[in-house]
Amino acid sequence: MLEEVRGDERYLPWVLAMERQSAHVIARALVSGLEARLTPEQLAEARSLANVRARERLGAGLFAEVDGHEVRVGNLSGAGFLADWARASAAEFAGQGHTPVLVSVDGEVALVLGLGDPLRPDARSTLERLTSLGYELVVLSGDHPATVEALVQQTGVDFAIAQGGVTPEQKLELVEEWGKQQPVVMVGDGVNDAAALSAASVGVAVHGGAEASLQAADVFATRPGLDPVWRLIDGSRRSLRVVRRNLVFSLVYNLVGASLALAGVLNPLIAALLMPLSSLTVVTSSFRSRSFKT
């Protein structure tokens with residue numbers, strides 16, 4: 001949600017007109033916050049700018065020409081000239097765990113917006129469960145490093161790495177590097193996560209994520225929050241246990257049957273009649289096991 005606005009608010013309708021053209025989660029949050037904040041006159045101005053075409057650059061934000069001015073909406077990287085007030089505002093928002101969004105007009109920052117992204121109620125419990133299973137938790141975010149640090153502290157969970165200001169290319173490089181050593185589960189929701197989701201051993205797109213992340217991921221959650229991620233991993237582990245158990249059933253059954261046949265105790269006719277019992281045992285075991293709980 002949009003927590004705070006500092007700077008020249010006459011540019012807010014421009015921001016709204018540009019962000020309405022993006023599917024990014026931050027863009028949707030900005031649109032929702034600005035529509036609730038702006039006056040009817042400002043909303044009308046934003047609608048009048050419907051012909052403005054915004055260009056989205058991966059990891060850099062939105063760019064457009066509005067009324068003869070070059071406008072950029074994005075993070076600190078490449079924001080242009082930063083006055084002391086803008087730098088201080090961005091640092092303050094980040095320290096509060098908010099995402100600073102900078103609006104530059106003709107290369108000079110005119111607005112700093114603070115977007116709040118509170119932790120979901122199920123975040124801490126899900127992360128604690130994953131840690132208890134032996135997973136190493138890593139945060140790679142394009143947000144300000146101070147924002148990432150503040151949010152990580154709120155979870156109360158130990159992360160192996162918590163890094164902000166990470167570009168999409170760096171995410172991809174790190175995931176590929178880790179994937180050479182061990183399986184990597186990547187959870188993401190934005191366009192900037194698409195390449196890393198595709199490169200991971202298992203890519204998981206969360207509910208409400210950008211279309212690019214949904215297309216790149218192996219799995220996507222149909223419900224909001226982090227609980228579906230835990231259910232996915234827990235269900236997968238249950239499924240593997242069922243597979244291993246069934247393999248043991250089948251192996252023991254066939255070893256016993258083959259040994260009895262070689263000893264002459266079991267004739268071919270009885271063996272042929274008992275063979276379907278092996279398959280029935282495995283099928284029954286699988287049917288009675290509920291790997292994924294609803």
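Colleague: What are the ground rules for numbering and confidence?
Modeller: Residues are numbered from 1 along each chain as its sequence is written, and side-chain values use heavy atoms, with hydrogens and water left out. The model is predicted, so local features need pLDDT of at least 70 and side-chain atom pairs count only at pLDDT 80 or more, while totals for chains, interfaces and linings use all residues.

Colleague: Why is Val105 called buried?
Modeller: Its relative accessible area is 9%. Buried means under 20%, exposed over 50% and partly exposed in between, with a 1.4 Å probe and protein chains only. Val105 is therefore buried.

Colleague: What does Val105 touch?
Modeller: Contact means heavy atoms within 4.5 Å. Leaving out residues up to four places away in sequence, Val105 touches Tyr11, Trp14, His69, Glu70 and Ala110.

Colleague: What makes a set of residues a nonpolar core?
Modeller: Its members are buried Ala, Val, Leu, Ile, Met, Phe, Trp, Tyr and Cys residues, joined through side-chain atoms within 4.5 Å. The largest one here has 29 residues, and Leu111 and Leu113 have the most contacts inside it. The largest share, six residues, comes from α1. A second, separate core of twelve residues includes Leu130, Val148, Val204 and Val229.

Colleague: How do you know where helix α6 lies, and which of its residues are buried?
Modeller: Helices (H or I, at least four residues) and strands (E, at least two) are DSSP runs, numbered from the N terminus. Helix α6 covers residues 145-155, and its buried residues are Thr147, Val148, Ala150, Leu151, Val152 and Thr155. Among the elements covering them are α4 (84-95) and β5.
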